[in-house]
Amino acid sequence: MRIGFIGVGNMGYAMLSGVVSSGFVSADDVWASNKSSDRLDMVRDDFGVNVTSENRELVKNCDVVIVAVKPNVIDGVLKEISDCLRDGCILVSVAAGFSIEDIENCVGNSCKVCRVMPNTPCLVGEGMSAICRNENVSDDDLNVVEDIFSCFGKCEVIDESLMDCVMGVSGSSPAYVFMFMEAMADAAVLSGMKMDMAYEFVGQSVLGAAKMLLETGKHPGELKDMVCSPAGTTIKAVEVLERYGLRNAVIQGQLACVEKSKEMNEKR
């Protein structure tokens, strides 16, 4: 199986890196295309994959084509490659706000199309990706796409109607977490800790908390209660966070993200 990546910016590079580093396919079976020759030289030097500046050349040589370009240029890219997709090729788009119907309007409704929403932790092999497909994608085809995206994190198959929700809960949510972490580190500095040490404590604490949620299967409220002793320091912090509306701020911010995503889709 030969896999091609059209666009090797940060996200495309991260996905390509995960696919090659995991051994899912050999470097000889991976293609990359990009406008920047410097970027292509870097990808070739780093991974030994095939590179080209011509998207059509890549498509003619690949069984799975992952389009990792910006939403404002994806329609042009899809129309450019539409007449040279191989028979049975699986076309995967990671462009936000570009629906399966939008993709089919560019390449035809007989193509196998998957739409995927990854997030930036793919850069460190801990991404969360949502996958949906059109009716031409078989279960075996879907398994291939799941295997690819499992190379750099976790993935779930969803109905496309949930894609705006996914944008709020995973696509954009690393930004919310980074804001929370930055605030925690600032508080640590106010309490006398050096900034680099504060980020180490905060980063490891958030990593550990996330791992506890995923591995124990416990409700986050139960995990919170495990840390809170009667009349202790943690419950005092929780009381103040509640007073200032932490949870409501997160909920309203995430819902605003979802609504913005819906609004952008409706404008297409």
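Modeller: A residue is called exposed when its relative accessible area is over 50%, buried when that value is under 20%, and partly exposed in between. The model is a predicted one. Arginine 243, with a relative accessible area of 51%, therefore counts as exposed. Its salt-bridge partner is glutamate 239, and the closest N and O atoms of the pair are 2.9 Å apart. Both residues belong to helix 11 (residues 233-243), where a spacing of 4 residues amounts to about one turn of the helix. Glutamate 239 has a relative accessible area of 34% and is partly exposed.

Side chains of opposite charge can pair when their charged atoms come close. A search of the whole structure finds 15 salt bridges. One of them links arginine 56 to aspartate 83, with the closest N and O atoms 2.6 Å apart. Arginine 56 lies in helix 3 (residues 55-60), whereas aspartate 83 lies in the loop between helix 4 (74-81) and strand 5, so this pair ties together parts that are 27 residues apart in sequence. Arginine 56 is partly exposed at 28% relative accessibility, while aspartate 83, at 57%, is exposed.

Glutamate 215 and lysine 211 form a further salt bridge, their closest N and O atoms being 4.0 Å apart. These two residues are 4 residues apart in helix 9 (residues 195-216), a separation of about one helical turn. Glutamate 215 is exposed, its relative accessible area being 60%.

The surface also carries a nonpolar patch of about 390 Å², made by Phe180, Met184, Leu241, Leu246 and Val250. Helix 8 (173-190) and helix 12 (246-266) are the elements that give two or more residues to the nonpolar patch. Methionine 184 is found in helix 8 and is partly exposed, with a relative accessible area of 32%.

As for phenylalanine 149, its contacts, leaving aside neighbours within four places in sequence, are Met15, Ile66, Val92, Val94, Val116, Ser129 and Cys155.

Technical notes. Residues are numbered from 1 along each chain as its sequence is written. This is a predicted model: local features need pLDDT of at least 70, side-chain atom pairs count only at pLDDT 80 or more; totals for chains, interfaces and linings use all residues. Side-chain values use heavy atoms; hydrogens and water are left out. Patches are made of residues with over 30% relative accessible area and no salt bridge: like charges are joined within 9 Å, nonpolar side chains (Val, Leu, Ile, Met, Phe, Trp, Tyr) within 5 Å. Accessible areas come from the Shrake-Rupley method with a 1.4 Å probe; for residues, only the protein chains shown count as cover. A salt bridge is a side-chain nitrogen of Lys or Arg within 4 Å of a carboxyl oxygen of Asp or Glu. Buried means under 20% relative accessible area, exposed over 50%, partly exposed in between (1.4 Å probe, protein chains only). Contact means heavy atoms within 4.5 Å.
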